[in-house]
Each structure stands twice: as structure tokens, then as C-alpha cells.
Amino acid sequence: MANFYSDNPEIKYHLSHPLLKHITDMKERNYADAGKYDYAPCDFDDAMDSYERVLELAGDVCANIIAPNAESVDMEGPRCENGRMIYASKTYENLDATRKAGLNGVTMPRRYGGLNFPMAIYSAINEMVAAGDTGFENIWSLQDCIETLYEFGDEDQRKRFVPRVCEGETMSMDLTEPDAGSDLQSVMLKATFDEENNCWRLNGCKRFITNGDSDIHLVLARSEEGTRDGRGLSMFIYDKRDGGVDVRRIENKLGIHGSPTCELVYKNAKAELCGSRKLGLIKYVMGLMNGARLGIAGQSTGVSQMAYNEALAYAKDRKQFGKAIINFPAVYDMLSIMKAKLDAGRALYYATSRFVDIYKTLEDIERERKENGEKLTAEERAECKAFSRLADAFTPIAKGMTSEYANQNTYDGIQVHGGSGFMLEYACQRLYRDARILTIYEGTTQLQTVAAGRYITNGFYGQVIADLLEKGEQGMSLALAASYSAAAPSGAEWCAPEFAALKERIAKAAEKYNAAVAYTNEQKDDEFKDLVIRHLYEMASDIIMALLLIGDASRCPELFAKSAKVYTRYAAAEIEKHYDFILSAKSEDLEDYRK
């Protein structure tokens, strides 16, 4: 029987990272829950055993329930009746299966009914759910919204809402409006305080809301009368049980048909403030979006995996001119590049997940200590700051590059199928349609380049690349982990001798990246920088992913050696292309691009 976890040893490899022990020790507060809860681990080995069991169960559910239901869900889709959203019939089966498997509230503390797992483990489950059905992943993964409520809500709100999500209730984040897409400062849904009933009331419209008829909503609304910018926005919690929100319509989309994308009408809907007024966009949505963007990186990785699986299986089976097409260079070239992009993107995804784990856990520890009048140590504060910055820098490249690779891999997946790939009975066409949204929602790739821009021009990515070249990702990460006792590998240790030539090739590419950044900064022209920033973004991403993959190949050549070689060649060629574009451009060339 298929299993999306045991059938993909690459996932297990990424969960063997030595930083996971440090993460787990902190997440478990040195295993303080042992004895309080019968499912709480007593040490790291016990925790790993729990992770393995849940991942095996999740892999089984994804392979044998969610994936077989995907075609039916894609054909049926959700519908709107009497102001309510009705899922496709097989979506209810998926929801029931994930609830029974306990795959809700994965990262939440046990005192609220959660599993208290690290983000890295949640990320692995997220990838597998997306591989089963990209549209259903949207519904399942929105449980991650509870992280924002847990972080910024008060204890009463945590006690009322977190257990419900852990039991399987659904969530949504209601941000976008007809006149406020990427520009969330323009949100105008009105929030007014009802003095008589001691609650807030929401009035207005939201559009493009994923899973918009969910049980619990996080809503961005304008609480400060007379304002027009982000400083007048606050975050609210709306409970479907209270009523006041109707589904006006469900969008008819190109792909992810199982995911209901709703237009919502708020009519005096009762709500409660989450956190402080005026921080809805400035603080809370930024955290919410970063979590969502990491989720899209996982979704993209799952789609890439399935596109590769479908293409590989077809290439092995399809015969032309007397032999299987996988034996033709034109085909195995495409397949090898698909696999290399998959492995490179996955390495970036899990590295980012670990960075998020460290700083989020330390922030949680800091909140707990504040209640007792205590603080983080100086070392812990430095660690939190370092990993928070890494997470903030890596999230836009993880979201942007994995989603671009998902689109490229599903495109090539159809190409491997030839004419059959254009027929609706093959899954590759559904994956292709589903992938298209990944570079658009939760911030387009163009917006990811904007988010990454300051880390390009201020030299941060350049320093990360230098650290990776010297120490490798494990060495860099372990050196930054204040309380981690294991010695970090040196530059001589992280890259195996058989991959030294690959490392040297990427080192030369890094020199060109740094030269391109310096050239861009020398122009002192913001419009010129905006023109070339996508090229610099891809250069930095390609170099980082290549180094991550070389490190993976050094530790596990049986899984990653081929991909490291193929991706290094691919990345070096891409970097050369971007370098030539930037160094041959001048500010006066901008007129050639203006319309």
C-alpha cells in the first residue's frame, strides 16, 4: 500500500537534521509535559518516535484517501446554497479522515488539545497533504491561522478557540477585498464598537477568501474612523456560530477546484478584537502572511513531487520507436531537472521551517517567562534575533522559488506525457492547473522579490552565502543556536571531497552575484534596482539552494548526488544569464521597458 511518507525518504532525511533536537528540547520545555499527558514524550528519542508514527499515519491518509479523492473533488467542486458553502462530497471524507488521524492543531500546546509538534513536522505533513490534493491542502492548512490567534490573542481567546481547531474545526483569514488585493492598506471593511452589547460589529465585503465559510475567521477590518492607511486596521475574530456573514458567491477557478474561494458579505456581524487596535496590518497580518507563505512553499513542494511522480511513471511505461521514452535524452534531461528543482526547493523549504521553529519557540518561551517576571537570557535573545532574521529573509525566496518550480515542473510533466498530457483523464493536467495559483496568492512572486529586496541590497544574502560556503547550512545553523552543545562542522567537513568541484563552481557564481549587487547599488537609482531585482533575487536563491543541495548530497549521496550535480549545472547557467543582463544594463535603458 502506498504511503507518502515512507515512499519519499527525502522527507525523512530532512527531519534528521541535528537542529531538530534543539528545536524539540525547547518546544517540549525539556519534556515538562511527560506525566501530565499520556501522549507527551519523555525525551527526544520518544518525541521522534511520536513524530514518526504521526507522519506514517499522515502518509497513509494522504496516499490512500486524499489522493484517490482528488479527481472527484476537482470535477465536483464546492457550491453555494442559501448563503452557505457546501464542500464537494469527497472533501467531507478528507476532513473526516484527517480529524480521525489527529492531524489538527499539530503545533499547538497540549494544554489546548494540540500535538505540540515543531513547525518542521507540520511542514512535512503539509507537503504530503498538498501532494494528495492541492485544493484540499488549502482547507487543511488554514489551521495554521491559529498560530496568529495563539500568539496575539489573550488567554481567554486561546482557551475558547484553540481547542476547537485542535478538534478539527476550520479556519480562514479574511483579508482581501474587491478594491484591496495586494494593497491591504486599502481595506475598508468597517469595524464599529457596539457599546450596548460590548462587542465589535463588522460590515462590508471580502473577496477571494479561501475556505470563506469556515468555522473561525481572522478578519482584517478598519477600526479607526477617518483613516485610510494601515494604521487604522485591526484584527478581529469572527465565530460562524454567531452568524452575520453570508457567502455571496464561490469563484469559478482555473484550478484548485476543491478549495472554495468565496465572496463574503458581513452584515453587522459580531466579532471580538484580537490583540491591540491599529496593529492588524502593521504587525499581525505580516506574521499571518509569513506563515501562509511558508505553507505555499510546502504546497508547491507537494505539487512538484506529484508532477515528477506522474512524469516518471509515464516515461517508464510509454514506448516509442521500440523503447521506453525515459531512455531518450530529451526526456531524461527534463526528468532530471524536475527532480533537481524538487530537491533544491525542498531543501530550502525545510531550512526555512527550522529557522521559523527556533525563533517562534523562543518568542513563546519569552511570553511564558514574562508572566513570571523573567526574561530570555542574552544568548537566547541573540539566537532569537538571528533566526528571526533568517526566517524573514528565507521565507520570500522559499515561497517564490518553490512556487515557480512547481509551475515549471507541472509544465514539463505535461510535456513528458506528450499529447496524452493534454487529455483530462491524466492527473498531470490537474496538477498543471492547480500549480498556476501558487505564484500568485499570498503574495505574487513579484511581491516576494520586494520582500527580499532589502536583504539583497544590504548584503545579507551575500553574508548568508559566505557562511554557507564556509560552514554549510548545518554548521551555520548550529553555530547560531545558543544552547546547542554539539560542535558545528567546519568548512572542510560540510562538503564531501567528491562534491568539492560543485562547491567551487557555486563559489565563482557567488562572486558574480556580489558583483551584480555592487553594480546595482552603484547606480543609485531605485527604478533601475526595481527593474533588476528579480534577477538578483533568482541569483541569490539559486546559489543558496545549490549550496543546501551540495550539503545534502555530502551527507546522503544515495538520495541527492545526482540532483546536486544537475542543479549546480542548471544554477550556474541561470546565474550567468542574470549576471549578463544586469551588468549590460544602465539606468538610461529604463526607457526601453516603459510603456
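Me: A cavity is a set of grid points where a 1.4 Å probe fits but cannot get out. In this predicted model, how many cavities of 30 Å³ or more does a search of the whole structure find?

Reply: The model is predicted, and totals for linings use all residues. With the threshold set at 30 Å³ or more, the search of the whole structure gives a count of seven.

Me: What is the volume of the largest cavity, and how many of its lining residues are charged?

Reply: Leu95, Thr98, Asn104, Ile139 and Trp140 are among the residues lining the largest cavity, as are Glu169 and Met171. Both α4 (89-100) and α6 supply at least two residues of this lining. The volume of the largest cavity is about 60 Å³. Its lining divides into five nonpolar residues, five polar residues and, as for charged residues, one.

Me: Which element gives the most to the lining of the largest pocket?

Reply: The largest pocket holds about 1000 Å³ of space. Its lining comprises 41 residues, with Met289, Ile440, Tyr441, Glu442 and Gly443 nearest the centre. Elements giving two or more residues to this lining are β3 (171-174), β5 (199-210), α9 (280-317), α11 (378-417) and α13 (445-457). With six residues, the element that gives the most is α13.

Me: How many residues of the lining of the largest pocket are nonpolar?

Reply: The lining of the largest pocket includes 13 polar and nine charged residues. The nonpolar residues of this lining number 19.

Me: Which element provides the largest share of the lining of the second largest pocket?

Reply: About 720 Å³ of space lies in the second largest pocket. It is lined by 35 residues, and those closest to its centre are Gly287, Leu288, Asn290, Gly291 and Lys360. Two or more lining residues come from each of α5 (119-132), α6 (134-141), α7 (146-152), α9, α10 (329-371) and α11. The largest share, ten residues, comes from α9.

Me: Why does the separation of the end C-alpha atoms of α3 agree with its number of residues, and what is that separation?

Reply: Helix α3 covers residues 44-76, which makes 33 residues. At 1.5 Å a residue the helix should span 48 Å, so the computed end-to-end separation agrees with that expectation. The end C-alpha atoms of α3 are apart by 44 Å.

Me: At which residue does α3 bend, and which residue just after it takes a positive phi?

Reply: At its N-terminal end, α3 is capped by Asp43, with a side-chain oxygen 3.3 Å from the backbone nitrogen of Asp45. Further along, α3 bends by about 45 degrees, and the residue at the bend is Ala70. Just after α3, a positive phi of about 65 degrees is taken by Gly77.

Me: Why does the radius of gyration of the chain agree with that of a compact globule, and what is its value?

Reply: The chain contains 18 helices and eleven strands. Along the principal axes, its C-alpha trace spans about 70 × 65 × 60 Å. A compact globule of 595 residues would have a radius of gyration near 25 Å, so the chain agrees with that expectation. The radius of gyration of the chain is 24 Å.

Definitions and conventions. Residues are numbered from 1 along each chain as its sequence is written. This is a predicted model: local features need pLDDT of at least 70, side-chain atom pairs count only at pLDDT 80 or more; totals for chains, interfaces and linings use all residues. Side-chain values use heavy atoms; hydrogens and water are left out. Helices (H or I, at least four residues) and strands (E, at least two) are DSSP runs, numbered from the N terminus. The expected span of a helix is 1.5 Å times one less than its number of residues. The bend at a residue is the angle between axes fitted to the seven residues ending there and the seven starting there. A polar contact is a pair of N or O atoms within 3.5 Å; within protein, one must be able to donate a hydrogen and the other to accept it, and residues adjacent in sequence count only if both atoms are side-chain atoms. On a 1 Å grid over the protein atoms alone, a cavity is a set of points where a 1.4 Å probe fits but cannot get out, and a pocket is an open set with protein on both sides within 12 Å along at least five of seven lines; lining residues have an atom within 4 Å of a point. Grid points are joined across faces, edges and corners, and a volume is the space filled by probe spheres set on the points. Ala, Val, Leu, Ile, Met, Phe, Trp, Tyr, Cys and Pro count as nonpolar, Asp, Glu, Lys and Arg as charged, and the others, Gly among them, as polar. The radius of gyration is taken over C-alpha atoms; the globule rule is 2.2 Å times the number of residues to the power 0.38.
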